Amino acid sequence: MKKIKVKCPAKINLTLEVLNKREDGFHNIKSIMQAISLYDYLTIEVQDSDTQSITLDGNSKEIPYNEKNLVHKAAALFLQKTGIQNQKISVHIEKNIPVEAGLAGGSTDAAGTFYALNEVYNNILTPKEINELCASLGSDLNFCLCGGTAICTGRGEKIQKIPTVEFWVSLIKPIEFGISAKEAYSKFSSLKNKSVPNNTEKLAQMITEGHFDKQLAYNSLENAVINDYPELTLIKSKYQNSLMSGSGPTFIVFEDEINIEFPPDKFIKIEKLKTVNSGIEIV
């Protein structure tokens, strides 16, 4: 039996500019994605068996532990790609990243699965092949794999790494609901005004020079969903410089603590998070 444990960082979007809808149904974007010090942990055990099996368990009641989970899909895809047979793969998911929160929790776990299994099987796939698997399974996996800070284009899978500027962030998210990417992009498509400010290039240049300006943080999807949820307008009213991450509904507060009170039965807050210059790593 072989065993490996990896940590999988959450991501935030410092910018997310939606450009246009593609023929495949996805949208082209320009985004600065940033890994932060909030992690899920995967413990993967692999052993020979008479049959092929993938089993999942974990500490969260909010995710499925079957074929619907991206971790299961990633493990199955890895086995299919490599042709490895007769393996029993068991994955324990320690879930710390909120679900359907715009923080790439599912994507980072799937990327971590690819990374961990490739390590277990002595790097049977090249980095290029692992990145191809990531792109086939979702738009955020390629970034989650490499982490740090990057300009992400295409539907998010094309990565251009840039330096990481260290600063603190906190997160606040409504408890009672999540927002799927499908919902957010569908609502964006119905907006009359889809203009973007080109903040990605401006902020990327500033970050490359070693600075960060929260005034340039921007998310095209925020205006598409915020008015449908009173909880989101409440966050924005109390922290006007906060920014929705990804498809939401988590908001980034560019401070180490959230000093304004929110009803604890309706909101969760995660404080004292740092930007990190890393992606999936072995623990």
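A pocket, as the word is used here, is an open set of grid points with protein on both sides within 12 Å along at least five of seven lines. In this predicted model, the largest pocket holds about 1,200 Å³ of space.

**The largest pocket**

- The largest pocket is lined by 43 residues, and those closest to its centre are Leu 70, Ser 107, Asp 140, Ala 181 and Ser 247.
- Several elements, namely β1, β2, α1, α2 and α5 (181–189), supply at least two residues each to the lining of this pocket, and the largest share, four residues, is that of α2.

**Strand β2 and its partners**

- Strands β1 and β2 run antiparallel and are joined by 18 bridges, one of the pairs being Asn 13 with its bridge partner Met 33 in β2.

**Nonpolar cores**

- The largest nonpolar core has 34 residues, of which Ile 44, Phe 78, Ile 89, Val 91, Phe 114 and Leu 117 touch the most other members.
- Two or more residues of this core come from each of β1 (2–21), β2 (27–48), β3 (53–58), α1 (70–82), β4 (87–94), α2 (105–120), α3 (127–137) and α4 (141–146), and α2 gives the largest share, six residues.
- Leaving out residues up to four places away in sequence, Ile 89 touches Ile 44, Glu 45, Val 46, Ser 53, Ile 54, Thr 55, Leu 79 and Leu 117.
- There is also a second, separate core of 30 residues, which includes Ala 35, Leu 221, Ala 224 and Ile 235.

- When residues up to four places away in sequence are not counted, Ala 111 touches Cys 134, Leu 141, Cys 144, Leu 145 and Ile 280.
- Although Ala 111 and His 92 are 19 residues apart along the chain, their C-alpha atoms are separated by 15 Å.
- Ser 278 lies in the loop between β11 and β12 (281–282), and its relative accessible area of 14% likewise places it among buried residues, since the limit is 20%.
- Apart from its neighbours within four places in sequence, Ser 278 is in contact with Pro 9, Ala 35, Cys 146, Gly 147 and Gly 148; among these, Ala 35 is also included in the second core.

**The four-stranded sheet**

- An open sheet is formed by four strands in the order β9-β10-β7-β11, with antiparallel pairing.
- The edges of this sheet are β9 (243–244) and β11 (267–274), and because each has a single partner strand, one side of each is left without a neighbour in the sheet.
- Strand β7 (residues 168–174) pairs with strand β10 (residues 251–253) in the antiparallel sense over three bridges, with Ile 172 standing opposite Phe 251 in β10.
- Helix α8 (residues 230–238) packs on the sheet and touches β7, β10 and β11, while its direction makes about 150 degrees with that of β7.

**The enclosed cavity**

- The count of cavities of 30 Å³ or more comes to one, and about 30 Å³ of space lies in the largest cavity.
- The lining of this cavity consists of Pro 98, Leu 103, Leu 171, Ile 172, Lys 173, Thr 250, Ile 268, Lys 269 and Ile 270, with β7 and β11 being the elements that give two or more residues to it.

Methods: Residues are numbered from 1 along each chain as its sequence is written. This is a predicted model: local features need pLDDT of at least 70, side-chain atom pairs count only at pLDDT 80 or more; totals for chains, interfaces and linings use all residues. Side-chain values use heavy atoms; hydrogens and water are left out. Two strands pair if DSSP finds at least two bridges between them. Contact means heavy atoms within 4.5 Å. Axes are lines fitted to C-alpha atoms, for helices over the stretch in contact, and angles run from 0 to 180 degrees between N-to-C directions. A nonpolar core is a set of buried Ala, Val, Leu, Ile, Met, Phe, Trp, Tyr and Cys residues joined through side-chain atoms within 4.5 Å. Buried means under 20% relative accessible area, exposed over 50%, partly exposed in between (1.4 Å probe, protein chains only). On a 1 Å grid over the protein atoms alone, a cavity is a set of points where a 1.4 Å probe fits but cannot get out, and a pocket is an open set with protein on both sides within 12 Å along at least five of seven lines; lining residues have an atom within 4 Å of a point. Grid points are joined across faces, edges and corners, and a volume is the space filled by probe spheres set on the points.
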